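This briefing is intended for a reader who is meeting the structure for the first time.

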Amino acid sequence: METVSFTRMDQGTAEEYAFLGGLWDEHHRAHLVDNLFALLRLMQGPTLGYKIDRYRHSLQTATRALRDGADEETVVVALLHDIGDPIAPDNHSEVAAAILRPYVSDDNYWLLKHHGLFQGTYYFDKIGRDRDARERFRDHPCYEKTVRFCERWDQTSFDPDYDTLPLETFEPMVRRIFARTPRGFV
Ligand SMILES: [Fe+2]
Ligand SMILES: [Fe+2]
């Protein structure tokens, strides 16, 4: 079979959907990490007033996590935590969380989804917002981990003089995490 015979989804057969599923999996397995890296590289360039661009910020966050002894999945989460920025500047945390969700733990999904709000403790008071907004999650099991992520790795990673590791260091880790059998959410 080269292509399916149907032009409407409700006319497809089980055999055709099995054929499509195989091609879909093969295609995404081959390209997903490269596509994520392309998104990361989109953040190279304009620093938007910061001392470093978002690409370097991402590498620096991952470098700090790695040097702090974080497990591999958490290092990858640190590398990709701002991957939503180029395509969803108004809800980047939620988008990064959704992209990584099938491949990471529920805790890391929660961390990714809320990291933007938790970062707020370092500057929300300076832009007229509530820096304690995250306190409504104080009793959540992922609260402490998310606080630590922001405190030690994310909010500190805007430093042009820090010895940041290159993407090549993290590539094998990212490939291992995304080679996992994904949990499906459709
Ligand atoms: Fe962020
Ligand atoms: Fe960040």
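In this predicted model, helix α2, which covers residues 54–67, packs against helix α3, which covers residues 72–80. The angle between the two is about 160°, and their axes lie 7 Å apart. Angles over 145 degrees count as roughly antiparallel, and α2 and α3 are therefore roughly antiparallel to each other.

**Contact between α2 and α3**

- The crossing in which α2 passes α3 is right-handed.
- On the α2 side, the contact is formed by S58, T61, A62, A65 and L66.
- On the α3 side, the contributing residues are T74, V75, A78 and L79.
- Sorted by class, the residues in this contact comprise six nonpolar and three polar ones, with no charged residue.

**Secondary structure of the protein**

- The protein contains seven helices and zero strands.

**Overall dimensions and burial**

- The C-alpha trace of the protein spans about 60 × 35 × 30 Å along its principal axes.
- The protein has 186 residues, of which 28% count as buried.

**Contacts along the sequence**

- Considering contacts in the protein between residues at least 6 apart in sequence, 57% join residues that are at least 24 apart.

Terms used: Residues are numbered from 1 along each chain as its sequence is written. Chains are lettered from A and ligands numbered from 1 in the order in which they are written. This is a predicted model: local features need pLDDT of at least 70, side-chain atom pairs count only at pLDDT 80 or more; totals for chains, interfaces and linings use all residues. Axes are lines fitted to C-alpha atoms, for helices over the stretch in contact, and angles run from 0 to 180 degrees between N-to-C directions. Helices (H or I, at least four residues) and strands (E, at least two) are DSSP runs, numbered from the N terminus. Angles under 35 degrees count as roughly parallel, over 145 as roughly antiparallel, 65 to 115 as roughly perpendicular and the rest as oblique. A crossing is left-handed if the near helix is turned anticlockwise from the far one by less than a right angle, and right-handed if clockwise. Two residues are in contact if their C-beta atoms, placed from the backbone, lie within 7 Å. Ala, Val, Leu, Ile, Met, Phe, Trp, Tyr, Cys and Pro count as nonpolar, Asp, Glu, Lys and Arg as charged, and the others, Gly among them, as polar. A residue is buried if 20 or more other C-beta atoms lie within 10 Å of its own, exposed if 12 or fewer, and partly exposed in between; C-beta atoms are placed from the backbone.
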